[in-house]
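Subject: The structure for you to look at

Hi,

Here is the structure I promised to hand over. Please open it alongside this email, and then read on for what I found in it.

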Amino acid sequence: MIGKIKGTLVEREGNVALIETSTGIFYEAYVTNQCIASIIPPAQVELYTFLNVREDALTLFAFETKQEYKMFKMLLDVPGVGPKSAFSIVSFSKNDELITAVKKQDSTFLTRIPGLGKKTALKILLELSSKLNTEFHLEPTAQSEEDQTVIDALMSLGFKSTDITKILPKIADLPSVEEKITEGIRHLSNSR
C-alpha cells in the first residue's frame, strides 16, 4: 500500500496530477480541488494517498491533509460508496462543511455534489453520524414553522430530537405553541 507520497508535482490536468519522486519515478494521482487550488506546478508536495486496486486498474487518490484522508476512508465504509464517489465528496466539500452537514443531517448539501443522489446521501448521513457520534433521525420534509419552534424549544431543554419527533403527533391538535411545549415536556418527562 502506498500511504504517502513526497516529491514534485510537475504536471496537472484537471484532477489528475503527475508527481515525480526523488527516485525518478512519476506517479499519476487524483488530487482534490482544494489541493489544485493551493498548488501551482512545479511544486514540492507531501500527500496522503490511497491506492485503489481493481482487476483492470490501479488508481492513486491523493489528499493534502490527514483529515481529508480520514474522511475519505470513512466514506469508503458506507455501503454503495466507492473510491470515486468518496473522492468526489471530499474533493467538492471542505471537511468542516461535511461534518456540519452530517451533524445537521443536511442531505441537500450532499446532493449538490455531482453524481450523488438522495438515497446515497441519506446512507452517508446515517453511517457518518454514527462514526462522528452524532444522533441520526429523519425529519419529515414538510414541517410547519410552529412544529419547528416546538422542536427547538424542547431540544433547548435537553430532550432528544428523536423523542420529540415521536411525540409531535400526540400534541399536534393543541391550539397554541405554548400548550404544545408544555404538553411535550409532560410527555417527554414521563417517558424518561
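Let's start with T49. Leaving aside its neighbours within four places in sequence, T49 is in contact with I2, G3, K4, I5, L60, F61, A62 and Y69. T49 sits in strand β4, which covers residues 43–53. Is T49 buried or exposed? With a relative accessibility of 0%, T49 counts as buried. One of its contacts is polar: a polar atom of the T49 side chain lies 3.3 Å from the backbone nitrogen of K4.

Before going further, please keep in mind that this is a predicted model. The mean pLDDT of the chain is 84, and 93% of its residues reach 70 or more. Residues 135–142 need some care, as pLDDT stays under 50 there. Where pLDDT is low, the predicted coordinates should not be read in detail.

Now for the strands. β4 has partners in both β1 and β5. Strand β1 (residues 4–13) runs antiparallel to β4, and six bridges join them. Within this pairing, L9 has A43 as its bridge partner. β4 and β5 also pair in the antiparallel sense, over six bridges. Here F50 stands opposite F61, and a hairpin of four residues joins the two strands.

Which strand runs parallel to β5? That is β3, joined to β5 by two bridges, with Y30 standing opposite F61. So that you can find F61 again: F61 is also among the contacts of T49.

β3 (residues 26–31) has another partner in β2 (residues 16–20), and these two pair in the antiparallel sense over five bridges. L18 has E28 as its bridge partner in β3. Five residues lie between β2 and β3 in their hairpin, and G24 in the turn has a positive phi of about 90°.

Next, the inside of the protein. The largest nonpolar core has 24 residues, and those that touch the most other members are F63, F72, L75, I89, L98, L110 and I124. The elements that give two or more residues to this core are β5 (58–63), α2 (66–76), α3 (83–92), α4 (95–104), α5 (107–111) and α6 (118–131). Apart from this core lies another one, of 15 residues, including I5, A29, I36 and L47.

Not counting residues up to four places away in sequence, F63 touches T32, L47, Y48, F50, E68, Y69, F72, F87 and V90.

Finally, have a look at G117, in the loop between α5 and α6. G117 counts as partly exposed, with a relative accessibility of 34%. G117 and S107 are 10 residues apart in sequence, and their C-alpha atoms are 9.3 Å apart in space.

Happy exploring, and write back with any questions!

Best wishes

Technical notes
Residues numbered from 1 in each chain as written. Predicted model: local features only at pLDDT ≥ 70, side-chain atom pairs only at ≥ 80, totals over all residues. Heavy atoms only, no water. Core = buried A, V, L, I, M, F, W, Y, C linked by side-chain atoms within 4.5 Å. Buried < 20%, exposed > 50% of the residue type's maximum accessible area, 1.4 Å probe, protein only. Contact = heavy atoms within 4.5 Å. Polar contact = N/O pair within 3.5 Å; in protein donor to acceptor, adjacent residues only side chain to side chain. pLDDT = per-residue confidence, 0-100. Pairing = 2+ DSSP bridges.
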